[in-house]
Amino acid sequence: MDIASVVSKRAFSLGLLLLILILLATSPLYAPRYTVVLLSSIFMYVVITVSWAIFSGPTGYISLAPAAFFGVGIYISAMLGKALPLPAVIGIGGLASFCLALFVGALTLRLRGIYFAMFTFGLVEFIRHLLLFWECVISGRRGRIVVIVDNTTVYYLMLIIFSILVLTAYLIRRSRYGLALQSIGEYEDAAAHTGVNVTIVKIITFAISATFMGAAGAVMATKWTYIDPYIAFNPLYSFMPVLMAIFGGMGQLYGPIIGAAIFTYLEEFLITRFPYYYMLIFGIIMVVAILYMPEGLVGLIEKLWKRIWGVRGANS
Amino acid sequence: MIVTILDIVIAGLLMGGIYALIAVGFSLQYGVARVLNVSHGEFIMLGAFITWMLYKVVGINPLVCLAISGPITLVIGFLLHRTLFTRLRSSSPSLTAFEGKSMLASFGLLFIIQNVAILIWGNAVKGYTYLDSSVNIGGAIFATNRLVTALSALVIGVAFYIFLARTRLGKAIRAAAQDPRTAGIMGVNIDHVLALCFGLGALMAGFGGTLISMCYSIQPTMGFQYTIIAIIVVVLGGLGSIPGSFIGGFVLGLVGSIVSHWQPALSLAAYYMLFIILLIVKPTGILGK
């Protein structure tokens with residue numbers, strides 16, 4: 001491949017990206033209202049999934065804590081929404097999740113493999129039960145009202161968070177730091193021996209990924225008007241991103257994005273058409289995806305692509 | 001005062017029996033078959049609903065149902081492992097990869113089994129009364145069904161331990177737990193033994209479900225809370241250790257009983273607290289190496 005074709009390929013993908021961004025940024029002007037709302041929920045899952053994949057993709061540590069960080073954002077939004085302007089609330093939501101992740105990460109990231117998954121899972125349940133106890137027994141009032149923000153604002157905020165996240169994920173992937181993460185996933189002891197400060201890298205990445213989840217939670221809370229611990233710390237927000245990332249494939253940056261977008265649309269579609277079957281269908285898709293698509297949708301497409309174009313290359 | 005303490009301790013031990021039984025199954029599935037089976041609770045739910053149906057429709061004694069619900073979940077578990085997890089195991093590059101993938105696949109199973117159950121039995125809370133008289137133990141009064149379930153759990157647990165320790169098949173299972181590759185070389189049909197272990201774990205869950213349905217109301221979504229309890233107990237006792245699971249079960253039962261005596265709303269939070277502290281301080285569990 002010569003330099004000109006590399007440059008043109010890069011220019012092409014950059015142009016495509018810009019085009020998509022412009023289309024997304026202007027869509028509230030011409031798209032129907034429902035599309036904007038749907039796009040916001042797609043952004044929500046995309047943000048959680050991509051930020052999950054930033055940490056868990058390269059390192060292989062399966063975190064089941066997204067619901068905890070997302071829920072923290074939601075609660076911050078509910079508590080401070082009346083007192084502070086929305087951007088400040090989002091910032092605090094992200095910061096609170098960042099701090100929680102730093103703390104949790106420092107405590108637990110020496111646990112390996114399945115123990116880490118179990119711990120993060122326990123964390124969500126622990127926070128939820130503690131909050132429930134606080135609300136039911138001590139303050140005597142369960143649930144909170146959230147200040148409502150109009151759909152277009154929510155949409156733009158989610159778009160901004162999404163753009164920053166994708167940029168961050170891209171930069172991490174391309175940097176030495178991303179390589180360090182990758183090496184941790186491949187062989188942690190070897191990574192430590194080659195001079196990677198394994199603990200710091202893991203904790204910081206974990207915290208960065210949590211920040212975006214918290215910020216997304218703070219924005220999305222304004223759509224629900226009423227929240228309680230069951231809504232905010234729903235374990236489904238932990239499982240869904242994992243499922244979406246696996247379905248999309250974690251080999252490429254756009255894998256989790258595609259996976260989350262398809263799944264959120266599928267969820268909307270299935271809930272309206274088959275409200276009683278949709279979790280069942282989800283379960284089946286999950287099992288099938290794990291069994292037959294180990295590299296996800298993107299891996300599958302790449303394989304097909306190679307099969308079609310690789311043959312032609314060999315002939316010429 | 002002494003009666004109160006006795007009250008709490010016995011209530012904890014009675015609860016602990018069921019916890020232990022559930023955890024033994026979970027521990028077997030993880031310790032030998034290396035599947036962190038998040039859908040374990042769904043097998044408990046299946047056991048409970050099979051018992052409920054047999055008791056309500058046919059009128060079979062719930063204790064007799066143990067002989068029906070257990071084998072059904074055993075067969076389901078065995079077939080699931082042969083079709084799903086064996087395939088995953090052979091396609092995974094490493095054990096860690098398999099553990100991650102099989103855990104996620106069992107999440108999928110959780111959704112599937114739970115929603116099929118909702119389609120069959122509906123989402124309502126169900127239950128029946130069985131042996132709801134009371135027994136007096138040293139001044140403390142307990143429901144007969146609790147006592148019967150705890151004793152049954154203990155008998156099943158001991159019987160299972162003897163099976164593992166004394167039979168040829170038990171030896172094969174222990175060998176597979178230590179080193180599946182070498183066990184395979186020594187002539188153990190490893191796919192078969194691992195599937196059997198998964199099935200036996202499901203069997204324990206089925207038994208647990210039957211026993212639970214005697215004391216508590218049941219619902220298709222009930223499984224998850226028991227999965228969580230199984231995870232906590234197993235971490236408490238050490239992953240893969242059967243006696244550890246038993247001790248862990250009774251410890252958790254006691255902790256739950258003590259905390260709910262003092263503040264019922266905090267018992268689940270206390271479980272997690274214990275779990276989190278334990279994972280940080282000694283992730284290998286009480287009896288772990």
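At what angle do the axes of helix α2 and helix α3 of chain B cross? The legends below take up this crossing and several other close-up views of a predicted model.

**View 1. Helix α2 of chain B crosses helix α3 of chain B at roughly 140°.** Helix α2 covers residues 40-58 and helix α3 covers residues 62-91, and their axes come within 9 Å. An angle over 145° would count as roughly antiparallel, and the crossing of α2(B) with α3(B) at roughly 140° is therefore oblique. The crossing of α2(B) past α3(B) is right-handed. On the α2(B) side the contact is made by F43(B), L46(B), G47(B), I50(B), T51(B), L54(B) and Y55(B). On the α3(B) side it is made by P62(B), C65(B), I68(B), S69(B), I72(B), T73(B) and G77(B). By class, the contact of α2(B) with α3(B) holds 9 nonpolar and 5 polar residues, and no charged ones.

**View 2. Helix α1 of chain B packs against helix α8 of chain B.** The two axes come within 7 Å and cross at roughly 165°. Helices α1(B) and α8(B) are therefore roughly antiparallel to each other. The crossing is left-handed. From α1(B), the residues that meet α8(B) are I18(B), L21(B), I22(B), V24(B), G25(B), F26(B), L28(B) and Q29(B). Among their partners in α8(B) are C197(B), F198(B), L200(B), G201(B), M204(B), F207(B) and L211(B). The contact of α1(B) with α8(B) is made up of 15 nonpolar and 4 polar residues, with no charged residue.

**View 3. Helix α8 of chain B runs over residues 190-215.** Of its 26 residues, 23 are buried, so α8(B) is largely enclosed by the rest of the structure. At 1.5 Å a residue, the 26 residues of α8(B) should span 38 Å. The end C-alpha atoms of α8(B) are 38 Å apart, which agrees.

**View 4. Helix α1 of chain B also packs against helix α5 of chain B, at an angle of about 35°.** The axes of α1(B) and α5(B) are 8 Å apart, and α1(B) passes α5(B) in a left-handed crossing. In α1(B) the contact residues are L13(B), L14(B), G17(B), I18(B), A20(B), L21(B) and V24(B). In α5(B) they include R146(B), T149(B), A150(B), A153(B), I156(B), G157(B) and F160(B). The contact of α1(B) with α5(B) has 12 nonpolar, 3 polar and 1 charged residues.

**View 5. Helix α5 of chain B takes in residues 144-166.** Its 23 residues should span 33 Å at 1.5 Å a residue, and the end C-alpha atoms are 33 Å apart, which agrees. The buried residues of α5(B) are N145(B), R146(B), T149(B), A150(B), S152(B), A153(B), I156(B), G157(B) and F160(B).

**View 6. Chain A meets chain B through 32 residues of chain A and 34 residues of chain B.** On the side of chain A that touches chain B, at least two residues each come from α4 (86-108), α5 (114-138), α11 (236-248) and α13 (278-292). Helix α5(A) gives the most to this side, with 13 residues. The residues on this side of chain A divide into 26 nonpolar, 5 polar and 1 charged.

**View 7. R34(B) has a positive phi, near 60°, and is a residue other than glycine.** R34(B) sits in the loop between α1 (2-31) and α2 of chain B. With 24 other C-beta atoms within 10 Å, R34(B) is buried, because a residue counts as buried at 20 or more.

**View 8. T225(A) also has a positive phi, of about 60°, although T225(A) is not a glycine.** The loop that holds T225(A) lies between α9 (198-220) and β2 (226-227) of chain A. T225(A) counts as exposed because it has 11 C-beta neighbours inside 10 Å.

**View 9. G299(A) is placed in helix α14 of chain A, residues 296-315.** G299(A) has 17 other C-beta atoms within 10 Å and is therefore partly exposed. Leaving aside residues up to four places away in sequence, G299(A) touches G249(A), G251(A) and M293(A). G299(A) and L38(A) are 261 residues apart in sequence, and their C-alpha atoms are 27 Å apart in space.

Notes. Residues numbered from 1 in each chain as written. Chains lettered and ligands numbered in written order. Predicted model: local features only at pLDDT ≥ 70, side-chain atom pairs only at ≥ 80, totals over all residues. Axes fitted to C-alpha atoms, helices over the stretch in contact; angles between N-to-C directions. Helix = DSSP H or I, 4+ residues; strand = E, 2+ residues; numbered from the N terminus. Parallel < 35°, antiparallel > 145°, perpendicular 65-115°, else oblique. Left-handed = near helix turned anticlockwise from the far one by under 90°. Contact = placed C-beta atoms within 7 Å. Nonpolar A, V, L, I, M, F, W, Y, C, P; charged D, E, K, R; others polar. Expected span 1.5 Å × (residues − 1). Buried ≥ 20, exposed ≤ 12 C-beta atoms within 10 Å, placed from the backbone.
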